[in-house]
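Welcome! Let us take a friendly walk through a protein model, one topic at a time.

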Amino acid sequence: MNKHSAEKAGYHGGCHCGAVRYQINGPVDDTVMCHCNLCRKLHGHVSSYARFDRHHLDLIRDDGLRWYRLSEKTDRGFCKECGTGLFWRPVRTDHMAVMPGTLDDSANMTTAGQIFCADKGDYYPLDPAIKQLDQS
């Protein structure tokens, strides 16, 4: 996957209500769409994630940030005020992912692939122009 270097100011983003604001001061991978049942349940539809090094995350405002321990392997970060999903992180790695829809500007990002395509909902088609995998 391609990585996009952060400009001097980095990638900025946050939740809908502003109770969470963040900056990522380093490269961010292209996004990957996930069609698994769990992501569709948590987000109400397909989800998208862009991986980065968790040490590059600077929480500017975290009043609303809450972490939900999804399993012994992963956590989800969201705003407790407005419900915006923001982050996904494996518990024991140096990487995490941002939901690119929460970035203030994602103009230079592309979608590199789709995962868990075999689990997709019946109510929408897959984009054949984007690489598809049945698993992750």
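## Before we start

A residue is called buried when its relative accessible area is under 20%, exposed when that value is over 50%, and partly exposed in between (1.4 Å probe, protein chains only). Tyrosine 68 is an example: with a relative accessible area of 44%, it is partly exposed.

This is a predicted model, in which local features need pLDDT of at least 70 and side-chain atom pairs count only at pLDDT 80 or more, while totals for chains, interfaces and linings use all residues. Residues are numbered from 1 along each chain as its sequence is written, and side-chain values use heavy atoms, with hydrogens and water left out.

## Strands and their partners

Strands of a sheet pair through backbone hydrogen bonds, either parallel or antiparallel. Here, strands are DSSP runs of E with at least two residues, numbered from the N terminus, and two of them pair if DSSP finds at least two bridges between them.

Strand β5 (residues 31-34) shows both kinds of pairing. With strand β12 (residues 111-115) it runs parallel, joined by 4 bridges, and cysteine 34 stands opposite isoleucine 115. With strand β6 (residues 47-53), β5 runs antiparallel through 3 bridges; there, methionine 33 faces serine 48.

## A three-stranded sheet

Which strands form an open sheet of 3 strands? The order is β2-β3-β7, and the pairing is antiparallel. β2 (11-14) and β7 (57-61) are the edge strands, each pairing on one side only. From one strand to the next, the twist averages 25 degrees (axes are lines fitted to C-alpha atoms, and angles run from 0 to 180 degrees between N-to-C directions).

Within this sheet, 4 bridges join β2 to β3 (residues 21-24). Glycine 14 is found opposite arginine 21 of β3.

## Salt bridges

A salt bridge is counted when a side-chain nitrogen of Lys or Arg lies within 4 Å of a carboxyl oxygen of Asp or Glu. How many salt bridges does a search of the whole structure find? There are 6. In one of them, arginine 51 meets aspartate 29, with the closest N and O atoms 3.2 Å apart. Arginine 51 lies in β6 and aspartate 29 in strand β4 (residues 28-29), so this pair ties together parts that are 22 residues apart in sequence. Is aspartate 29 buried or exposed? Aspartate 29 is buried, at 4% relative accessible area, whereas arginine 51 is partly exposed, at 42%.

Aspartate 63 forms a salt bridge with arginine 61, at 3.0 Å between the closest N and O atoms. Aspartate 63 is partly exposed at 46%, and arginine 61 is partly exposed at 38%. Salt bridges that share partners also join Arg69, Asp75 and Arg89 into one network.

## Nonpolar cores

A nonpolar core is a set of buried Ala, Val, Leu, Ile, Met, Phe, Trp, Tyr and Cys residues joined through side-chain atoms within 4.5 Å. The largest one has 18 residues, and those with the most contacts inside it are Tyr22, Ile24 and Phe87. The elements giving two or more residues to this core are β3, β6, β10 (85-90) and β11 (95-98).

Another core lies apart from it and has 9 residues, among them Val32, Cys36, Ile115 and Phe116. Isoleucine 115 is the residue that stands opposite cysteine 34.
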